[in-house]
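Visitor: I'm new to protein structures, and I'd like a guided look at one. Could you show me what we'll be talking about?

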Amino acid sequence: MKRKIFLGLVLPSLTLLAATLHAAEVAPPPPAADASQSASPAAPVDTTATASPEAEGGTTVTTVITPRLFVFDYFDGVGEDKTNYLERYDYLEGFSGDTRSGVFADLDLDVIANNGERDLFVLERRGFGEHNHRGSAKYSNDALSVYGSYSHYRSATGGIDYLLSPDQVDGGEVSSGPYQTFNDDANRYDYSIDRTTYGAGFKVKPSVLGDMATVSVDYEGYQRDGNKFAPFFLDTPGLAGNDRWRGINLNVDERMNKVGLTLSASPKKMFEVAYDVSYEQFVNDVGELQMERDVLGPAGVDLSGVGANPRISSFFYVPDTKLTSHAIRASKNFSDRVVVAAGYGMSTLKQDSFTEREIDDGHTKGQIGTDNAYLTASAIVTPDVSVEGHIKYYNRDNESTFPDGLIAPTNGPGRLVSPRINSIKSLDYGVSTNWRPDFIGSNLTAGWRRLDRDRDLTFGVDPNHDIQPAQSLYREKTLSDELYLKWTARPAKGWTTRLTPSYTWADKTGLVAEPEEAFMLKAMASYAAPAGWLVSGFYDYKHKQNGNHTFTDGSAGPGTPLTYNQDIDSTLHSAGLSLNVMPRDNVNVYANLYWVQDDFSSYLFTTDVQRWNPAVTFTLVDQPNYKINSYVFSLGGDWQYNDKLKLNGSYTFSKSTGDVASGTVFTELQNATGMIDSIIDNTLHSLSLGADYLINDKTTLRVNYIYDYYDDNAYDLLTGGVHMLAIGVAFAL
Amino acid sequence: MMRVFLSMLTTWTALSLTSAIAQEPAPVPLGNEACKTCHVPYEDHKVNVYHSDCLACHTPESKHLVEGGRGSVTLPAADNCLSCHQNNDHKRMNWAFSEHKKAKLECRNCHGLHSPKVKELNVGMWKSDKNSALCMSCHKDVAARMNMPSHHPVKEGGLSCTNCHDPHSSKNATLISKNDQCYKCHQNIRGPKVFEHAPVVEDCTICHNPHGSPNRRLLQLAQPMQCLQCHSLALNMHARGGGGGRDSLNGAQLRNCTNCHGAIHGSHIDAKLKH
């Protein structure tokens, strides 16, 4: 934690110092005098100009420093021991450590050093408290650019997972059997994970390399740590039924570091070529979590009846890995009439650490290799007609070894519940033509593309213990075609319309999630009035279905094996309307309305035994339907009240409502948990108000007030709100 | 509190050093004085040495010099910008095929040529980065999804649109797969795993909508519907006991499949992805 804070605070400053030294070597003077932050692009009125630049010699340094005091209060939600719903993306903590109400401070900083001809150095820091702050710094001149950045952000979505765990929800357990109790071994209720990212790099510009090449080195990394709630189920022989369904507090402590080198060149400006190489190391500092030693033993579970192998089984193991990748890309423009681009890349992901069980079973090579390539070309045939074609290849090979003891097809019951994915090879190619007819400013593109994907899958060879292709919906081949049209027109000054229909059909699909048939339509119209008004609207429609995949009864089942089609049907409607108005020169108002309806159905099948049992028979129970409507309405604007005062604000209303399923699933969910898991019905109100008041040429008072209220009609425990007031003073130095 | 003081102290020190450096004046670029007689504000908005040469990017008609007016001077098209910004630049080398170019966007639609395009954020987006605010000014549907109950924390400042999307690139001319985009941050999921889950290997967006969803964990569909499209339910494992066996489905097992199958992204030991 201390290291992250140190990085967060010192990195921008160190970068600033380095850049300062560079700046001393450069020069230039001139004027310049843009203050700090002024108006947003939508409101081109000059607002709270707070700074007069500090010009010494030739370089102008504009600095705005804004310390802020934040006051917050979460209300109506759960206590501090659990996660407030609004806290999931907005984790606040006061000086006293209180996370429900308190006071804290932070700092924004903007520094721009301009030599009259360019911004030599830009530093920006944004701070919203201990758990959300970031910074970046960049220095650039004709020869070199150098940058550094960091960010720190805490999310607490895992705490919401905990609130929805079986023992937190009335009815979340059943009255008998292995699910009758949920063994909460977590011993904590609030979960959060911090992600601290950092990056740095430099680029040597063409002026140093004979105007022929650029070299850049980039480093990036992150630290991710915290805790998450991890539920699991055990069906290990020898365990008593009551000890099977559990949830634990899982530590997260991961690091990633990556360094990359990119060489770009355009030899005599004949063509562009770039070569990238990168090396990435991912380290999980949380050791292996074993069943007996780390999980069930400490929880007091009797493991005397459990075999030696299961006792050392790992839980949620995340291995250390290394990823190396290379890529070379090139493009060539032939007299602005033909452009060709091509690239080839490859990567190797290696597993560096293994579980004890993996090592015992001889699994010491975990490796994924990929290689991919593309070739794309476009040509102008006539001034009004152009054509484009592309072909992309992608291959993923699982190059790991899988010894018999671990995942061999003949190893025993249920080892290959899903087929092993040895490789996936994908070929995507297509052509399109673009035509600009002399008709209401039209631009028409028509195209076709094909996706051809081959999978090498290993299904188990023991029909008594391994799942067989006939009992799986996963297939080896995908072959689909798509026809599409894009029509853009500008029928009158300020008007733009766009219509994009497409139709996809597939002879074969690998997963039911891939469409056997799909129709999509995107329609958009916008009008920009000379007075600065902008109104736009869109409607998108997407329907896809797949009835291509079947389950078949097992060979040892009763009677003649029957075949059952899964039938996926999905319809998505969405529409939006946006309005941006400038009723006066100093006022800008916007309003957006968005609606989306997701309507999905598939068959629900049950089996009497697991699918790898040759006696399995399927039963079509129902066709549950998921149907959710979501609405988002936002209204906001800026008002430059006078030379000193600028007001701005926004209000967003977001609502999602509907049933997550119909029929049997809905009924059973309602019987079990009431509304909690059967429906979605929530509303979020967000009100933000801001005021900037120019106290004098160098000082601006900035006040922001935020009010969020989340109301969940399915699960009352999630309902709650937050007030936050932020008062800052921006000093221009 | 200590952190705030530390932050102020270190940055203040750096600033003091910066401002203490006096520098030699450089020659003023030629050819712009005529422009500046009218376009005074631009004098204060130079972000790049080459951008301060008006005529390098703009071609005024003769009447512009007399009458002025927006229509009588050209604004730079992408080709103008790329004459400098494409050479030796691996990020823009495939602009010719990019989706933004095909949508007829010019560089100036996103980049402020004289000063940053987005100078200040509306208070509703005040934690966001400016790049994301710019993206959302056109991609309203995505902006709306960022207000749904589950979303990537872009408007909260946790990440930026450009962490995942390269606005200059093309889907037809990229070597990065969709999953690779996700694995840039989610290395813990990419494996290698002994027992893989097919949709995880195939395409993260089969199950997740990265922009926002009404369902927890960015799921495209709420559980159990997300899972039931591919999986049947074995009653001997997923049903309520009755008499000597289990014969009917129960809501407790239909709630969140991941309550039991917690290693849904793959496991090193359990074929059924339970831990």
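Visitor: How many of the 9 residues of strand β4 of chain A are buried?

Guide: Before we start, this is a predicted model, in which local features need pLDDT of at least 70 and side-chain atom pairs count only at pLDDT 80 or more, while totals for chains, interfaces and linings use all residues. Residues are numbered from 1 along each chain as its sequence is written, with chains lettered from A and ligands numbered from 1 in the order in which they are written. A residue is buried if 20 or more other C-beta atoms lie within 10 Å of its own, exposed if 12 or fewer, and partly exposed in between, with C-beta atoms placed from the backbone. Strand β4 spans residues 119–127 and is mostly covered, and its buried count is 8.

Visitor: Which residue of β5(A) does V122(A) stand opposite?

Guide: Strands (E, at least two residues) and helices (H or I, at least four) are DSSP runs, numbered from the N terminus, and two strands pair if DSSP finds at least two bridges between them. On one side, β4(A) is joined to strand β3 (residues 101–114) by 6 antiparallel bridges, and there I112(A) faces V122(A). Strand β5 (residues 132–140) is also antiparallel to β4(A), with 7 bridges. Across that pairing, the residue opposite V122(A) is K138(A).

Visitor: How many bridges pair β16(A) with strand β17 of chain A?

Guide: Start with strand β15 (residues 385–398), which pairs with β16 (residues 420–435) in the antiparallel sense over 13 bridges. In β16(A), K425(A) stands opposite N395(A). Strand β17 (residues 443–458) has W435(A) standing opposite its L444(A), and its antiparallel pairing with β16(A) has a bridge count of 15.

Visitor: Is K269(A) buried or partly exposed?

Guide: K269(A) sits in the loop between β10 (245–265) and β11 (272–284) of chain A. Its phi is positive, near 55 degrees, in a residue other than glycine. Because K269(A) has 13 other C-beta atoms within 10 Å, its label is partly exposed.

Visitor: Which residue follows helix α7 of chain A?

Guide: Helix α7 covers residues 663–673, and its buried residues include V665(A), F666(A) and L669(A). An α-helix has 3.6 residues a turn, so residues three or four places apart point the same way. After α7(A) comes a residue with a positive phi near 70 degrees, G674(A).

Visitor: What is omega near for the cis peptide bond from Q223(B) to P224(B)?

Guide: Chain B also has a cis peptide bond from G191(B) to P192(B), with omega near 5 degrees. P224(B) lies in the loop between α13 and α14 (225–228) of chain B. For the bond from Q223(B) to P224(B), omega is near 10 degrees.
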